[in-house]
Each structure stands twice: as C-alpha cells, then as structure tokens.
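Have the structure open and follow along.

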Amino acid sequence: MEVKIDPSWKVALNQVFEQRFYENLDAFVRDEYASTKVYPPANELFNSFNHCPINSVKVVILGQDPYHGPGQAHGLSFSVKPGVPFPPSLKNIFKEIESDLGKPIPANGDLTRWADQGVFLLNATLTVRAHEAGSHQKKGWEEFTDEVIRTISEQREHVVFLLWGAYAQKKSALIDGSRHLVLKAPHPSPLSSYRGFFGCKHFSKANDYLAVNGITPIEW
C-alpha cells in the first residue's frame, strides 16, 4: 500500500514490495479499509517502521495480531495510546520490567518511547477487522513480516530478538543466531505468564548484550 513507510525500509524491502503476494495483500487491505472498520488506522499501519528505521533497530519484540478493540492498536505491537487501559499482556510486561529492573509501572501503555530508542515492535499481522481477532491472518502479512525479520537478521548485527510464546518462537528459524541474541519465553498473556515469562529477565539480558557490544542500552 502507498502508506508512508520510512525510506530506509523502502530501500531494504524494495524487492518484497514488488512481489506478487504483496500486490495481492495490498489490494486486500485497501479493500478492507474502504469497506469495513480496520485497526490500526491506515496512517498508523507502519508506525513501528516509521519510529524505528532499519539502521536503528536494537531489539525486536514480535507480537501476533493487532488489538481489535476501538482505540487500542496504533501500529506498535503490545502498545496502546495514553488513556487506554493496559491490556493484560502489556500489564504483565510492565510487571516483569518492574521485577527485573526495579522500574515502576508507567502511567500509560504507549511504547512509542521504546520504538524511538530502537525497539522494533512488530506484529506478524499488521491489520485486523474491528472485533474480529485473527481476521487478517493468512492474507499475506505473515509472508511480509517474515521477510522483515529475515532482512533485519541479514543486514544488521547484534540485535536482540525477544520471542514470547510458541508462535513467535517459530520465527527463530529466520534469524542468524551467530550474529544476534535470541531470547525465548512463554507469552506474557495471563494464560501463560506464570509458566516462565515472569522471571525471564529479558529486559536486563537485552541491555547487558547491547552494552557488551558497544550499543546504548534501552531505557525500559
């Protein structure tokens, strides 16, 4: 789609945008935006890319589907805008940061502050119909975001990939583990957070790895 995306990504993904699957995906998503209620708003579709140019990527946090309730999704995985109540998984992420790093739970769930530091908050599927979870899965987004992960792995070094839950962990096949740090844990959702997400210390581990490689750590 001709939605604005940071020029660095336009160059890095140039061949992907020209593939047939992306043309089909583009047509599908355009039609959905024109005919029904879709989240996030079209102007926020590539928020994660626009706040985090490819050369700025330090950490990748992979989600699956955008939030499908009103006012929640704004193009960054797990994030919600100020004033929107914390979804359960995000609340658990903040609890783990508090436990791991001693940082108090913030006043809002807007993770733009992370994205601007180089945390690439990518959902595997970038759009969803209102109130219909998973409605835009298997339409081409997964192929696109797999190419994004592969591109980061190939073009960058010393990136930390945080893969939470079985779905995200499958993406480790796309990542060169000799050039990057891949950390895995159960998903932070209430269903699985107590099986090992709590206590995983991914946030301190990510910062330790960045620091060892001469990269400024993240202010979580």
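This is a predicted model: local features need pLDDT of at least 70, side-chain atom pairs count only at pLDDT 80 or more; totals for chains, interfaces and linings use all residues.

## A buried valine, and what you're looking at

Let's start with Val16: with 6% relative accessibility, Val16 counts as buried (buried means under 20% relative accessible area, exposed over 50%, partly exposed in between, using a 1.4 Å probe and protein chains only). You'll find Val16 in helix H2, residues 14-17; helices (H or I, at least four residues) and strands (E, at least two) are DSSP runs, numbered from the N terminus. Leaving aside neighbours within four places in sequence, Val16 is in contact with Phe21, Tyr22, Phe144 and Glu147, where contact means heavy atoms within 4.5 Å.

Residues are numbered from 1 along each chain as its sequence is written, and side-chain values use heavy atoms, with hydrogens and water left out.

## The annotated aspartate

Which residue does UniProt list for "active site"? The unreviewed entry gives Asp65; UniProt positions are in the numbering used here, feature names are shortened, and annotations may be inferred rather than shown by experiment. Asp65 sits in the loop between strand S2 (59-63) and helix H5 (88-101).

Beyond four places in sequence, Asp65 is in contact with Asn123, Thr125, Thr127, Val128, Ala133, Gly134 and Gln137. With Gly134, the Asp65 side chain reaches the backbone nitrogen at 2.6 Å.

Trp9 and Phe49 make an edge-to-face pair, because their ring centres are 5.1 Å apart and their planes are at 80°. This pair links distant parts of the chain, 40 residues apart, with Trp9 in helix H1 (residues 7-12) and Phe49 in helix H4 (residues 47-51). Both Trp9 and Phe49 are buried. Phe46 and Phe49 are edge-to-face too, with centres 5.4 Å apart and planes at 85°. Elsewhere, one aromatic cluster includes Phe78, Trp114, Trp164 and Trp220.

Also in helix H4 is Asn47, buried at 13% relative accessibility. A polar atom of the Asn47 side chain lies 2.5 Å from the backbone oxygen of His74. Not counting residues up to four places away, Asn47 is in contact with His74, Gly75 and Leu76.

## Nonpolar cores and cysteines

A nonpolar core is a set of buried Ala, Val, Leu, Ile, Met, Phe, Trp, Tyr and Cys residues joined through side-chain atoms within 4.5 Å. The largest has 33 residues, and Val59, Ile61, Trp114, Trp164 and Trp220 touch the most other members. Elements giving two or more residues to this core include S2, H5, strand S3 (119-123) and helix H9 (202-212). Apart from it lies another core of 32 residues, among them Tyr22, Val148, Phe161 and Leu163.

How many disulfides does a search of the whole structure find? The count is 0, a disulfide being a pair of cysteine sulfur atoms within 2.5 Å. Cys52 is buried at 0% relative accessible area, and Cys200 is buried at 8% relative accessibility.

How values were computed:
A polar contact is a pair of N or O atoms within 3.5 Å; within protein, one must be able to donate a hydrogen and the other to accept it, and residues adjacent in sequence count only if both atoms are side-chain atoms. Rings of Phe, Tyr and Trp (its six-membered ring) pair if their centres lie within 6.5 Å; planes under 30 degrees apart count as stacked, over 60 as edge-to-face and the rest as tilted.
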